[in-house]
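Please open the structure in your viewer and keep the selection panel at hand. The stops below say what to select next and what is there.

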Amino acid sequence: MRRLVAIFIPFIIILALSVPPYLFRLADPFQGPLKAVARPAPPAPLENYVLVIRAGDEKEAFYKLGYAHAYYRFFQMDVLRRVAEGKLSELLGEAAFETDVYFRTRGLYISAGRTWDYLKQNYPHYAELIESYTRGINDFLAGRPPIVEYLILGKSPEPWSPVDTLAIAKLIAWSLSGGEDDIELKTLVDALGPQFLELALVRGENTPILPRRVTFAPPLDLGSNNWIISPNFTVTGKPILANDPHLSLSAPPVWIFQRVETPNYTVMGVAFPGTPLVVIGTNGYVAWGFTNTGVDVIDYYYYVWNGTRYYYNGSWIEANRRIEKFKICDLNNRCVERSLEVLETVHGPVIEYKGQRYSMRWLGNNVTLEALALYYMDKARNITEFLNGLKYFVTPSQNTVYADRYGVVAYFASGYFPIRNGGYLPFNGSRGEGEWRGYVWLPSVLYYINPPYLATANNKVADANIYLQWRWADRYRHDRIMELIAQKVARGKISVEDVMEIQRDIVDISCKDVKVLLDMYGGEKGRELLNELNKWDCSMSAESLTAARYAMFLYNLQKLAWGRFNVSITFVPFEITLAAIKRGLIERSIVEKAAEEALKINTPWGNLHKYSISHVLGAVFPGLNYKKVEAPGDWFTINVAPGFDVSHGPSVRFIAAFGDGVYMMLPGGPDGDPLSPLYDAMYMPWVRGEYVKVG
């Protein structure tokens, strides 16, 4: 699902190098001569795990940020830009070639280049700041620093460009709003008929974030948990904002926490290495956080083809062509070149998916100015200035929560939404279906100013008069957050410690729905499992045997329901699975089969469920990975931990409490150098649910 369980990098990257580990023994940073490699002194201090940049003006700040990001995270930055630009196989060889084809075909690097040209022409001041950031990176590289991963690979880092920074932003946008959902949905509709489509689109059981139904007027031509609590309900009498975006967990972490101090403003929060701006954070005046809305901003089109000509609106049109050239390099820097012809129609690049040609139209392939949005948001001093920044934010659409020192709290669904008829299944492009008639700025429709408290967890944004999305996250995380806030409010004022406790919560309230399902369709084995669940508190603790059985039931139910359709077993939200079983669209006997498999488990949840956080080269050098440890939680807990080898979860825990302080914790360390004592410094505190006060 396009959740913030996603923002980072559902890449499709196969990072196991196709080279036997023994060939690298001399380059092992933990055994060979690389262990003695000495780095230069850091360019900027890490204070309490926070990268601190102090500068006399913005250009100096951006320059120092570039230098410091490269010092602490350049290899990670390089991998990200290469994924976005389809050049990973130059670094990692044949194993990365299919990833390169995937992203080069979709053209993220093309839109990044167009966006850079647009910024230079229309926003020269910000373009100069990006150039300063780029100079900082390249000045660091000019000193030929001993970066461990390049020494292992026998390669040298290549210079940075401003387009690289924007390409990473496009990659992040793709990870939250791209993908092939429409085509996968077609697979299920073809197999199960229109009844399944009805179940998918209605989602009536999903709790909306906004309490009112919203109406989209004619358009203008132009994921994760977060929540806010108003001053009326807090101990300090000032608002609290909390955010824990659920992204891929990696070594080093996907974020770097930074504090930038200039004469005109100070801002702190998390940034993606390779991009200079704080994405989630506070500047002392305002604080903000994001989760993914998942609103649908990508469409696919099929046509009648004749060779490279396609039929569109009564005419045959020759598709545009571009030749993509790839360089695949091995560990001896022997490179081979390959070429690929990519066709483009009026709707966008043509991809092949399961033998069928589709043209892809994605909002993010336009010139988009999210970087400019964050630049203004980082400096905003009130809600008006914050919204002035948010108007530049196009994609990925985010559930944006806001709080400020004056006591205002607010929610906005950020981004723009294309108006068309449908959008959940591929369109017949030859007939002219699915044309985008304009865009709606979502904050003008989807907003809530000064709610008493409000939570988002990638669930349905609102009941609306148009189609927005169908793969909303299941309601359970959202409902549990709201339930806990209400309980705490009933007992008195809410403190920062209360908010921390909510972020650590591991109760899975989907167990209520499962108990009903087992009672209705579980048969003998279902009743046996139901009896056990009735004695359980629904807490997915690592020590619990019942938690392990419950998780195995969820997994097997999804697998039995959807595995035969050749789609991911997590593709269909659990609420839809339940509805499909109750309607008889899916064979009800799978409930008892799933219960039978669950009852075979005789070991605690933590023995089956561990954090598995890897480095890009971790398949060859396991020592680069963070150690595996028992993980509490599951797919539907606030402290989310999906799957069995857990590689997604809270990519940062962030709390901005006006009148109290700023707290955070990252699942790893600020320093990307595997030989640094700070490489995994925050990992175990993050596992334990601890925080560090940073402001």
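**The largest cavity**

The lining of the largest cavity divides into 17 nonpolar residues, four polar and one charged, where Ala, Val, Leu, Ile, Met, Phe, Trp, Tyr, Cys and Pro count as nonpolar, Asp, Glu, Lys and Arg as charged, and the others, Gly among them, as polar. This is a predicted model, in which local features need pLDDT of at least 70 and side-chain atom pairs count only at pLDDT 80 or more, while totals for chains, interfaces and linings use all residues. Residues are numbered from 1 along each chain as its sequence is written, and side-chain values use heavy atoms, with hydrogens and water left out.

Select Ala169, Ile172, Val279, Glu370 and Leu374, which of the 22 lining residues are the closest to the centre of the largest cavity. The space there is about 280 Å³. On a 1 Å grid over the protein atoms alone, a cavity is a set of points where a 1.4 Å probe fits but cannot get out, a pocket is an open set with protein on both sides within 12 Å along at least five of seven lines, and lining residues have an atom within 4 Å of a point. Next colour α5, α7 (162-177) and α10 (370-379), the elements that give two or more residues to this lining; α7 gives the most, with six residues. Helices (H or I, at least four residues) and strands (E, at least two) are DSSP runs, numbered from the N terminus.

**Where α4 meets α5**

Now select helix α4 (residues 108-122) and helix α5 (residues 124-142), which pack at an angle of about 125 degrees with their axes 6 Å apart. That angle makes α4 oblique to α5, because angles under 35 degrees count as roughly parallel, over 145 as roughly antiparallel, 65 to 115 as roughly perpendicular and the rest as oblique. Axes are lines fitted to C-alpha atoms, for helices over the stretch in contact, and angles run from 0 to 180 degrees between N-to-C directions. Show the side chains of Trp116, Leu119, Lys120, Gln121 and Asn122 from α4, and of Pro124, Tyr126, Ala127, Ile130 and Glu131 from α5, which make the contact (heavy atoms within 4.5 Å).

**The second largest pocket**

Moving on, select Arg114, His347, Gly348, Pro349 and Asn365, the closest to the centre of the second largest pocket among its 19 lining residues. Its volume is about 300 Å³, a volume being the space filled by probe spheres set on grid points that are joined across faces, edges and corners. The lining has seven nonpolar, seven polar and five charged residues.
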